[in-house]
Amino acid sequence: MWEKIQQFASGFFVTGDPLIYGADVSIVLTMIAVVSALTYFKKWTWLWKEWLTTVDHKRIGIMYVIASLLMLFRGGVDALLMRTQLAVPNNDFLSPSHYNAIFTTHGVIMILFMAMPLMFGLFNLVVPLQIGARDVAYPFLNSLSFWLFFWGAMLFNMSFVIGGSPDAGWLSYPPLSEVSHSPGVGQDFYIWGIQISGIGSLMTGINFVVTILKMRAPGMKMMKMPIFTWSVLSSSLTILLAFPILTVTLALLFIDRYLGAHFFTLTAGGNPMMYINLIWMWGHPEVYIVVLPAFGVFSEVVATFSRKRLFGYASTVFALMSISVFSFFTWAHHFFTMGSGADVNIFFAISTMLIAIPTGVKVFNWLFTMYRGRISFQGPMLWMMGFIPCFVVGGMTGLLLSVAPADFQFHNSYFLIAHFHQVLIGGVAFGYFSGLYYWWPKVFGFKLNEKIGKWAFWLWNIGFYVCFMPQYALGLMGMTRRVNTYSWDTGWWGLNLVSTIGGFLMGIGFLFQVWQILHSVKFMERASGDPWGGRTLEWSIPSPAPVYNFASLPTVDEKDPWWEEKERRERGEPAWTLPPLEPIHMPKNSGIPIIMAFCFFLTGFGFVFHWLWIAIPGLVGVAGCMLAHSFNYNTDYYIPVDEIKRTEAAARGAV
Amino acid sequence: MNLIRGIRRLAAVSSLIGMTMLLSGCMDKFVVLDPKGVVGRQQLDLMIISLLLCLVVIVPVLILTFVIAWRYRNKTENKAAYKPQWEHSTKLEVVWWGIPIVIILILAVVTAQYTYKLEPSKPLQSEAKPIVIQVTSLDWKWLFQYPGQGIATVNYVKFPANVPVQFELTSDAPMNSFWIPQLGGQIYTMSGMAMKLNLMADEPGTYRGSGANFSGKDFAKMHFNADATSQADFDKWVEQVKSKSPPLTQDGYDRLAAPGVMEKADYSSIPNGLFDRIVNKYSGGHSMGGMDMSVHPNPAPGSMQGMNMSVHPNPAPSSMPAGMDMSQNHH
């Protein structure tokens, strides 16, 4: 009996690596610490009532941000482990299989469990406030989306200590990811972790399309919307069209693995190339899904910190929307070397180049927003200034990659790695950081320390160039991606070492950001409702926003309504007439989303291990939650006028 | 402030990169920039053309960024114009829709021309009669067969310089990519099909080649040397292999195809039709709807695994990674 348990445990838990035992211990210790702290301070009820069951977009946004920063930590540790392994030739710090697992989880986590949730966090924190809405269109669904992401991410991350991590690359190309070559459970964790959070992403896309189309303040026409809201709309529409492809593709891979079908297998007519096409039909738009909102953030930040209107609003809107359309016609540029022939390659090369046009236009619009402005380089604007040169150069190398015959030499090399990190860090990460710094006072009601923030910014920025510029060179030296080591005679050592140093500089930059947050929490410096001289509606209400956001809404028929109103007030002719207060209709909290998402988690876990005795109860639980919610009519309440008055007085008094 | 910092940063970074380039020695390690073959050379030309086209826009934009950021910084003594309402200028916007459109148009035309010119399956122009080399990517090694010479090598390849080489490429393992940077760009090796890649070396030399597409555990070990020699040396080498090396049998191939790593090897003969068998092993189902095995002229033992429809298809020995214990393979 004992032997049987031992045998099971040695397969169930990942064993044999001191790094992983270390992680096991720290995970267990952290969990014990969290549970005892919650118990000691009697915070369990608070946690459940105020956070886990909340449907308030602001709190869901905060939970997204916290979760994504934790994932940034894990993805970052993965990155530093890889850089450590590559710092010197013939290194055996990580075994080949361990290295393969780490670059796989690094990619998946950074894109799907870091960038996506941080983006959804910003959507949630900002969009309803920017358009003058009380919440998103479907608050219950919003909470469900978050918990699906959360449990999907947990399922994926669990593979690190239970069962074994996936190790076939972040897009998991078959036949390598099929049972024939990856018989372990890692690939199943990959499939289910992404599927579950993917459903959440799709629902968030739906939620924000509807929110933006239907819930804008009176008078706010589409062409008067804040530009960040436009970018969220373009990103969400892209999600609607792209994520179903991902779901279907991974479902087919699951059927292959679980039921022995042959969609993508080597044998019996399976076609792995089909998978590669399908996954990039999602994968390429996905890149634009995450970068479009970053463009939106920068457009807000550049106008605010230049104290000037955004230049070329209409052409920026057109650029955003055209990118989301074009993004669906470029997928094959990820495999020009598949031998599709000259005609196909030319089509996809040119469709890729076309995207450079609207992207370039946006850069000019940002520059001319600064032109004849008054630019102050506070936190958010610093990231904007780091972004422009970085993204321009990254965009240029992207254009070089799109030249199909030249790509035959760049493809799968470190040149490619350097390119996409430059646009994803320089574009997406810098963009989200900028947004986070920009809206932080609005969300939490206090400012972040500028001085520590500057340190973080310069460490990130310098670290980035030190890390990735050498990688372009390494690509030209013939270094291919995903090699776990190299020999002395390649001549790759020097640049790899420099690159590793840069990676650690960015890691230190991240630590500075953590310190900045902790420091600012300790020496809390209260922020007013409008700490930056903002332009859009969210800055017209107190920080942090009251639960109902707006006590009452003015008619908004200008592009920068709050800025214009402030100008008018300065001239002594305020124009806003706020309608009288009325009881506010609000959604009620619900415990169903977290339970339902947990049931999805159980289902996934059951299928990973082929344990139907867990998977089936999990599915029953999902159905039960749907049923329970369908018959729940007690979903809303009204905030009485008295309470609104009290809240408003307290909030205004505090400022 | 910002500008000075920016300059300082750029200087620091570029000197750092410059230093390491010197330290790591020798520009000749930049294999992509040092082509020794007609294909690689044209690809480098194209890289330079497209880089220059991009720089035409990029450099002014970078300069403009720093100038604007400096000139319009928020300082009380700043005398530069401030126009907070200025938000549109048709003239300017036409200009910066126009510039990228023109650049992209030029780049698109150049790209299209070069794409036809450098289509990898197109034979190269040469007086010399081409040599055919059949390449198979395996877990985790490269097999090169010379149908004309009747020999085979593993993990190294030799051919005469100034003679076009017609590579035919397939895979008996997860997809890989065949890349000899100094001769020219890469192409995927995929099971069930024979890809074509035409390359030619200008001068004798040893060029590093590698698998460029991740294919599992020991993928990093899939590099090889491509030796371009004189015709005489090549002929001598062929004779030597023919007289001294062991033959490659079907059994021998099956052992090669099993996952694992190995050193260089060469073989004095190859089983009849081996390359076609490897290709056909997986290609049958594509045209025949999956289950019709009649198109296989001579099904290799491994191909029957496709018939196994159980929940866990029992992989043939050739595709089973060593050691099924997931605790060893999957973390």
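Visitor: So, strand 2 of chain B: which residues point which way?
Guide: This is a predicted model, to begin with. B:K141, B:L143 and B:Q145 point one way from strand 2 of chain B, while B:W142, B:F144 and B:Y146 point the other way.

Visitor: And are those residues buried or exposed?
Guide: All are buried, on both sides of strand 2 of chain B. In regular strands, side chains alternate between the two faces of the sheet.

Visitor: What does that say about the strand as a whole?
Guide: Strand 2 (residues 141-146) of chain B has 6 of its 6 residues buried, so the rest of the structure largely encloses it.

Visitor: How many bridges tie strand 1 of chain B to it?
Guide: Strand 1 (residues 131-138) of chain B pairs with strand 2 of chain B over 5 bridges, in the antiparallel sense. One bridge pair is B:L138 with B:K141.

Visitor: How many residues sit between strands 2 and 3 of chain B?
Guide: There are 4 residues between them, and the two strands form a hairpin. In the turn, B:G150 has a positive phi of about 75 degrees.

Visitor: Okay, next: how buried is strand 8 of chain B?
Guide: In strand 8 (residues 195-199) of chain B, 4 of the 5 residues are buried, so that strand is also largely enclosed by the rest of the structure. Strand 5 (residues 165-171) of chain B runs antiparallel to strand 8 of chain B, and 5 bridges join the two. B:V165 is bridged to B:L199 of strand 8 of chain B.

Visitor: Now the open sheet in chain B. What's the strand order?
Guide: The open sheet of 5 strands in chain B has the order 4-10-9-6-7, with mixed pairing.

Visitor: Which strands stand at the edges, and why?
Guide: Strand 4 (156-160) and strand 7 (184-189) of chain B do, because each has a single partner strand, so one side of each lacks a neighbour in the sheet. From one strand to the next, the twist averages 20 degrees.

Visitor: How do strands 6 and 9 of chain B pair?
Guide: Strand 6 (residues 176-180) and strand 9 (residues 205-211) of chain B pair in the antiparallel sense, over 2 bridges. B:F178 has B:G211 in strand 9 of chain B as its bridge partner.

Visitor: Which helix lies across strands 4 and 10 of chain B?
Guide: That's helix 4 (residues 231-244) of chain B, which runs at about 130 degrees to strand 4 of chain B.

Visitor: Let's zoom out. How many helices and strands does chain B have?
Guide: Chain B comes to 7 helices and 11 strands. Of its 331 residues, 41% are buried. Among contacts in chain B between residues at least 6 apart in sequence, 67% join residues at least 24 apart.

Visitor: How do helix 12 of chain A and helix 2 of chain B cross?
Guide: The axes of helix 12 (residues 379-402) of chain A and helix 2 (residues 38-71) of chain B come within 9 Å and cross at roughly 170 degrees. The two helices are therefore roughly antiparallel to each other. Residues in the contact include A:M385, A:I388 and A:V392 of helix 12 of chain A, and B:M47, B:L51 and B:I58 of helix 2 of chain B. The residues of this contact divide into 15 nonpolar, 2 polar and no charged.

Visitor: Last topic: how is chain A divided?
Guide: Chain A has domain 1 (1-42) and domain 2 (43-654). Their C-alpha centres lie 30 Å apart. In their contact, 12 residues of domain 1 of chain A meet 9 residues of domain 2 of chain A. Helix 2 (residues 18-40) of chain A gives the largest share of the domain 1 side, 6 residues.

Conventions: Residues are numbered from 1 along each chain as its sequence is written. Chains are lettered from A and ligands numbered from 1 in the order in which they are written. This is a predicted model: local features need pLDDT of at least 70, side-chain atom pairs count only at pLDDT 80 or more; totals for chains, interfaces and linings use all residues. Two strands pair if DSSP finds at least two bridges between them. Axes are lines fitted to C-alpha atoms, for helices over the stretch in contact, and angles run from 0 to 180 degrees between N-to-C directions. Two residues are in contact if their C-beta atoms, placed from the backbone, lie within 7 Å. Domain bounds come from an automatic or database domain assignment. A residue is buried if 20 or more other C-beta atoms lie within 10 Å of its own, exposed if 12 or fewer, and partly exposed in between; C-beta atoms are placed from the backbone. Angles under 35 degrees count as roughly parallel, over 145 as roughly antiparallel, 65 to 115 as roughly perpendicular and the rest as oblique. Ala, Val, Leu, Ile, Met, Phe, Trp, Tyr, Cys and Pro count as nonpolar, Asp, Glu, Lys and Arg as charged, and the others, Gly among them, as polar.
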